[in-house]
Amino acid sequence: MRESLERHQVWIYFASVVIGAVTTWAVAGTERLEALVNPALALMLFVTFLQVPLRDIGKSFRNVRFVAALMAANFVVIPILVLLLLQFAPDDPMVRLGILMVLLTPCIDYVITFSQLGRADARMLLASTPLLLIAQMVLLPLYLAAFLGAEASELVSIGPFLHAFVWLIAVPLTLAALIQFWASRNITGSRISDGLGLVPVPATALVLFLVVASTIPLLGSAVGHALAVLPLYVAFAIIAPVLGWVIARMTGLRAGAARSVAFSGATRNSLVVLPLALAVPGAVPVLPAVIVTQTLVELLSELVYIRVMPRVGRSFEAAEETT
């Protein structure tokens with residue numbers, strides 16, 4: 001069953017996105033499903049972490065070249081790309097604020113799942129999540145001040161970032177580590193761990209359904225603003241992973257680690273930023289609509305990435321296996 005789920009996972013995820021979109025038209029009040037997104041994310045990340053040998057995370061964290069490439073891609077190269085894209089954005093300050101808030105913050109949650117599905121080195125990416133979180137908390141206000149003015153930087157709070165890290169990274173990671181420890185010493189724990197190996201694909205499908213079903217209604221009367229930023233997000237989804245891959249290969253990373261940098265560069269922290277955006281005075285409906293549009297583009301892009309990324313760098317992998 002696990003092999004069957006993994007073999008058909010892209011179609012399962014695509015169906016989840018479609019069903020989530022259809023549900024918003026057929027059922028009223030689907031925005032209330034937003035309360036279930038974080039618990040579903042925590043479940044998805046827990047079963048994802050369970051598939052990653054957590055005992056090797058310390059070794060991954062000591063890979064200085066990987067950390068350097070990851071930080072350079074997310075906090076030097078990607079901001080330059082965002083600044084260029086911003087030149088084609090509408091003049092509405094709220095639209096520009098939404099673009100910057102979502103595109104300048106690298107994902108710390110479901111990027112782990114998608115990177116693993118795309119044959120990237122999920123362990124290295126997982127080990128680097130604290131650095132990514134701290135860096136974006138410190139740098140986002142600075143970027144907003146530089147790009148929009150000092151007033152915009154004052155709209156950023158660290159609360160949503162810390163909440164996301166505790167409940168979406170720290171708690172699921174701790175539980176996964178406990179299960180792995182139990183499984184290594186007890187047959188019952190091993191069987192439970194094996195059984196949970198069936199859950200990642202359904203859990204990811206559930207997250208995709210909930211995100212789509214709960215966020216589309218937020219577009220509301222701001223559909224025009226959403227359509228205006230759509231081409232920018234599509235361009236970002238195409239260019240960002242390429243830049244991440246190039247930076248990683250320039251630093252001499254192996255193919256798996258390079259894919260991780262590419263995934264990180266392309267995947268943004270929209271689910272964490274959205275509550276932050278909703279707290280901005282006068283944000284509704286424009287600011288959440290701008291951010292939700294990026295989320296929808298990104299989810300569809302991830303379905304492409306997990307098919308394309310494993311094929312990227314195969315020649316490098318072949319060379320690496322011979323050395």
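Helix α3 is mostly covered, with 11 of its 14 residues buried, where buried means under 20% relative accessible area, exposed over 50% and partly exposed in between, judged with a 1.4 Å probe and protein chains only. The model is predicted, so local features need pLDDT of at least 70 and side-chain atom pairs count only at pLDDT 80 or more, whereas totals for chains, interfaces and linings use all residues. Residues are numbered from 1 along each chain as its sequence is written, and side-chain values use heavy atoms, with hydrogens and water left out.

**Covered helices**

- Helices here are DSSP runs (H or I, at least four residues) numbered from the N terminus, and the expected span of a helix is 1.5 Å times one less than its number of residues.
- For α3 (residues 37-50), the 14 residues should span 20 Å at 1.5 Å a residue, which agrees with end C-alpha atoms that are 20 Å apart.
- Among the buried residues of α3 are Val37, Leu41, Met44, Leu45, Phe46 and Phe49.
- The cover over the buried residues of α3 includes α7 (111-117), α8 (122-127), α11 (159-183), α12 (187-196), α13 (200-215) and α16 (270-278), with contact meaning heavy atoms within 4.5 Å.
- Helix α17 (residues 286-308) has 23 residues and reaches 33 Å from its first C-alpha to its last, close to the 33 Å expected.
- Because 19 of the 23 residues of α17 are buried, this helix is largely enclosed by the rest of the structure.

**Buried side chains**

- A search of the whole structure finds 3 aromatic pairs, in which rings of Phe, Tyr and Trp (its six-membered ring) have centres within 6.5 Å and count as stacked with planes under 30 degrees apart, edge-to-face over 60 and tilted for the rest.
- The rings of tyrosine 110 and phenylalanine 114 form an edge-to-face pair, because their centres are 5.5 Å apart and their planes lie at 85°.
- Tyrosine 110 is buried at a relative accessible area of 2%, and phenylalanine 114 is buried at 1%.
- Serine 128, placed in the loop between α8 and α9 (129-148), is buried with a relative accessible area of 2%.
- Leaving aside neighbours within four places in sequence, serine 128 is in contact with Phe66, Val67 and Leu70.

**Surface patch**

- Val223, Leu227, Leu230, Val234, Ile238 and Ile239 form a nonpolar patch on the surface, with about 480 Å² of accessible area together.
- Leucine 230 sits in helix α14 (residues 223-250) and counts as partly exposed, at 32% relative accessibility.

Terms used:
Patch = residues over 30% accessible without salt bridge, like charges linked within 9 Å, V, L, I, M, F, W, Y side chains within 5 Å. Areas by Shrake-Rupley, 256 points an atom, 1.4 Å probe, with all protein chains shown as cover. Salt bridge = Lys/Arg side-chain N within 4 Å of Asp/Glu carboxyl O. Helix = DSSP H or I, 4+ residues; strand = E, 2+ residues; numbered from the N terminus.
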